[in-house]
Each structure stands twice: as C-alpha cells, then as structure tokens.
Amino acid sequence: MRFSKMLIPTMKESPSDAEVVSHKLMLRGGYIRKLSSGIYSYLPLGLASIRKVERIIQEEMTRAGAQELLLPMVQPSDLWQESGRWQKYGAELLRFTDRHNRESCLGPTHEEVITDLVRKNIHSYRELPLNLYQIQTKFRDEIRPRFGLMRGREFIMKDGYSFDASEKGAEETYAKMNTAYHRIFERCGLKFRAVEADSGSIGGSFSHEFMVLADTGEDTVVACKNCSYAANMEKAQAAVSPQEQQDMLDLQKVETPGKRKVAAVCDFLNINPQDLVKTLIYMADGAPVAVLLRGDHEVQEVKLQNLLGADEIRLADDKEVFDATGVPSGYLGPVGSQIRKVADLEVTRMINFAIGANEKNFHLLNANLHRDFKVESTGDIRMVTEHDNCPKCNGSLELTRGIEVGHIFKLGTTYSIALKATFLDNQGDEKPFIMGCYGIGVSRTVAAAIEQNHDKDGMIFPMPIAPCQVIILNLSTQDEEITGAAESLYQSCLDNKIEALIDDRDERPGIKFKDADLIGIPLRVNIGKNFSKDRHIEIKIRSTGETLSVPADEAFETIRTFVSKAMNTTI
C-alpha cells in the first residue's frame, strides 16, 4: 500500500462532536467518516482493521466447530410477533412497512430468523448439535448515538446461535464458545475480562460479557482481588452481611423537622446510614412499588426490574410519589403502606433500624421487618461497592472500567418454545431445541482497542488487528539512494507477506512522523539522513517508543523477527 495512492484523510484537530478517544482518533486518522447520526463510513484503514478482527473470529469459530452463514437484515414482523418481542424490544427496533403494507424491521439481532431457519430444516437429534454464526451489519435505533463506533446505530456484529438436544450438550457448547471467545480476544492483543452478566432483552438463563479493560469504559467491572469472580454492575453480587444479633426494641416515633435526605436524618438522629432503611417509590409497568434499601446503598435498576418481572421501571417523580402514598418524599416508610413493597437482602439482616414515618417531619426508630411490616419479595437489588466483599471467597472487590465487546448467552428454550422449534429425540418424542447465543461487536472491538491503546500522539494498535504491520517512511523522496532503499525494503516486506505501508508522499519528515504515530501502525521505519550518512535505518516500536538503529542489510530481518514474535507465527 502506498500512502500517496490511499484514501487516508488525516486531520490535525478533533471534530467538536467527537467525545471519546477512539472517536477522535479514528476521525483524525482517516479511519472513519460520519454519514449521519450514529452511522459511519469505514475508510480503507478502518476497514482493514475490522477485517483483521473478522478473520480471527472466523478462524476460532471454525476451530470450535461453528459454520458461517449470512441471514437477511430485513426481518418480517410476524416472526417477532411469534417470539413476543415486537412490542417488548422497544423503540430501538426500526420498524417499517413496505409497498404491500407488510410490516418488517431492520435486524438488531437474529434469534427469530435463525430459529425459523432451523425449525424448518432440522428435525432429528441426529442432526444436532448445530452451531451457526454470521458477521453482518446490524441496526439499532439508539435514542442518543454517541462515541463514534462505541455506540452507533449501524454497526458490524458477529452473532452466533447454537442448537442442542440436551442440557448437557448445551453446556458443552457454551463452554466451547467461552473458550473460543477467550482465544479471540487474546489473539486480538487485548487486555480483557470475562464477567457474569444480565441477559437483558435477549433472554435466557445466564450469560457472560467480555469486557476490554480501559479507563474510558462506560461499564463497571466488579472483580475479586483474590479469586476468579467477576461480573458487571448489573449482575455483581456481594457477600451478605451476617444477621444482626440483638433484641428488638419498641418502635419509637421521633420528630425530624425538615430532614429529608439520608445524611441529614442520620446527622440529626446521630446514627449511621447503615442503621437506616430508605423507601424509594418506583413505577413498574405503570404501578407504584416501594423499594426498601439500606441507607448507604443505591438501587441497581436491572436487578430490580428482574425481581419485579417488569417490562419497564423508573423512579417515580414527586407527584407520583404523593399520589401513591399521600406523603412527600423524604418521610416515606413501609409501616402502614398499602402499596407493593420489595426489599434488598441487606434489609432482611437488619434489626432496629430507622425508617420514614409516612408523616411529614417524622421518622420511626427501632423498626423491624416481619414484626412492623411485611414485604412481597426480597432479593439482591443494590449496586455493589468497593467496600463490599466477594460473594465466593469473601475477598476484597475491585471496581474497574470496561467496554463490552462480546456477550454469550445460554438461552435454553426461550425462543424454541415461543416459535415452536422442535426436533424428535431418540425416543421419538418432540422436544424444543436448547439454544445458545454468542455475539461480538466487531467494529466496537476496534474502537475498544484504541480506547485501551493510545497516547497523546495517536493510536497504538496491537499487531494482530493493526491495518498493517509496518509503515516505511521515505524521508527524502528526491534522494535516489534513500528512495531506492525504501522501495527495496517495502518490496521485501511484500514478498514475505509482511503487511507494509510506504509513505512515499512529497511531504516534510515532521508531517510523516505525526501521521505515522496518529494512525498507530506498530512498527515505523525511518529511512533518511542516517541512511545517507552510515547506511543505517531507524526502526521505532510504536507501543514503547523504543528506537533501534540497524544496518540497512539487517533491517528486514529485524522487522521480520519483530512481526513474527508479535503475531506468534513464523514468516
């Protein structure tokens, strides 16, 4: 590849609407260009990096026994009606009507389509297990697309689906995919963590997310410092506090004039937030629910939604709170309340705690669950903090930032039952397929790699997913000797299947240095004044900044050795 002939429109400054590092650098480096909100064109360098990720995925899927296919992006509404997701999926599903008044959608995911394909073509346990995947453009009509390829409306995704005859077979397939995903992200050269996760709108019994660790990540990863436990914030649990051991005291009403916030109430009563239970009102599918939580804890809304079995939840506004309880916010409590009540597990361990008295300017002391009030259900509905302990080994937890790039689900029979997708088992009985689902955000993985690997000068791509492996800078295009040496080294790379880009532009060295660092190619080769002086060539390692000066006749072997080691292959 020749820089002078390629479409690499680099920019000195970041566009004003670019917020995160990957978005800024991919625009500045000429990797992508915005077409409209959340929709981008992939330019040659950006597409080259995406194709690298795709090839790694294809190789590991083949190794794991999966078969590649390609499904339609336009999906008929009747399949989504069958699964029950036509209304449930929400506004992110872009629905439209064709000229024959048939409703369809642009595929955000393909559970319905793949299940329909299999139910029409697979009929016996002898044809199982079956593992199918595709790499395809998806569309989700995000209400607020942002961060470039991190959260766009149109994106490239690998989605795979497995079909098994038994739970044991499904577990084995899930384990294979888990191993394959670890290999994929290891081969991409990324630091990542596989964490327990909520299944969300996809459904299913359990799942794992693969998170690229980066300070700029929008997700929180909860991981134990002592054992292998890791989960995202929507799924993370903490060791439950031991049951308090003390006698129950008499309920006592106290005046707390103007004290509505937890901190103000605790200061006034001279108690700790751990000794208070706050009552929050949520609207769950339009109905009010009182949520009880220890004073120093916060609600994790995905956990709460799962506990309630609701399609939609949100915190009630002040008017909704008053309409439901007749009490202003800040003085709410469960005693005497007639609305549905749920409590976090920590509340069940507490004795003699403070609560709102359901009367303005008053609270109750020494309240106790079961004696003074009852709740409909209890569960883990709070956010984990760094002060909590691991639920597996009781070790210390650490909260870090991460970017979700992959997600695997054990779906079970969620979709096969809904779509009546069945097979005949070895007894001749009709059984639903046991399914799994496995996704990777391909374009997002490239962006995540940049979020994890960059400096003030630009991107620093891991060798396996860099658009090319070496960039050769001809620093004096008017000098025949320098040009000859640059062209000779470039040809040697091509002849030996080393992916090289030669910067043959008639530009100042400073411009070439800046562009090379910006686009993040792992090895930068400088051929300039040192070559004219002593026949030496400079090789700069982008990730470390280390610069080697080697004789010209050793330059290619130095490059080949470095690339082979970085790619873990023999060239």
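## Basis of the model

The model is predicted, so local features need pLDDT of at least 70 and side-chain atom pairs count only at pLDDT 80 or more, while totals for chains, interfaces and linings use all residues. Residues are numbered from 1 along each chain as its sequence is written, and side-chain values use heavy atoms, with hydrogens and water left out.

## Overall build

The chain has 15 helices and 31 strands. Helices (H or I, at least four residues) and strands (E, at least two) are DSSP runs, numbered from the N terminus. Along its principal axes, the C-alpha trace spans about 95 × 65 × 50 Å. Of the 571 residues, 50% are buried; buried means under 20% relative accessible area, exposed over 50%, and partly exposed in between (1.4 Å probe, protein chains only). Among contacts with a separation of 6 or more, 69% join residues 24 or more positions apart, where contact means heavy atoms within 4.5 Å.

The domain assignment gives domain 1 (51-237 + 399-442), domain 2 (252-379) and domain 3 (468-567). Such bounds come from an automatic or database domain assignment. The centres of domain 2 and domain 3, taken over C-alpha atoms, are separated by 66 Å.

Two packed helices are described by the angle between their axes and the distance between the axes. Here axes are lines fitted to C-alpha atoms, for helices over the stretch in contact, and angles run from 0 to 180 degrees between N-to-C directions.

Helix α1 (residues 21-28) packs on α11 at about 105 degrees, with the axes 8 Å apart. That makes α1 roughly perpendicular to α11 (under 35 degrees counts as roughly parallel, over 145 as roughly antiparallel, 65 to 115 as roughly perpendicular and the rest as oblique). From α1, V21, S22, H23, L25 and M26 meet V446, A447, I450 and E451 of α11. The residues of this contact divide into six nonpolar, two polar and one charged. Ala, Val, Leu, Ile, Met, Phe, Trp, Tyr, Cys and Pro count as nonpolar, Asp, Glu, Lys and Arg as charged, and the others, Gly among them, as polar.

The axes of helix α2 (residues 44-63) and helix α11 (residues 442-452) come within 9 Å and cross at roughly 115 degrees. In α2, S49, I50, V53, E54 and I57 meet V442, S443, T445 and V446 in α11. Five nonpolar, three polar and one charged residue form this contact of α2 with α11.

## R505 and D515

R505 is found in the loop between β28 (500-503) and α13 (509-519). Its relative accessible area is 15%, so R505 is buried. Leaving aside neighbours within four places in sequence, R505 is in contact with F3, S4, T477, I511, K512 and D515.

D515 lies in helix α13. At 8% relative accessibility, D515 is buried. Not counting residues up to four places away in sequence, D515 touches F3, T10 and R505.

## D247

D247 is in the loop between β12 (230-232) and β13 (252-255). With 66% relative accessibility, D247 counts as exposed. Residues up to four places away in sequence aside, D247 touches I351 and N352. E154 is 93 residues from D247 along the chain, and the C-alpha atoms of D247 and E154 are separated by 60 Å.
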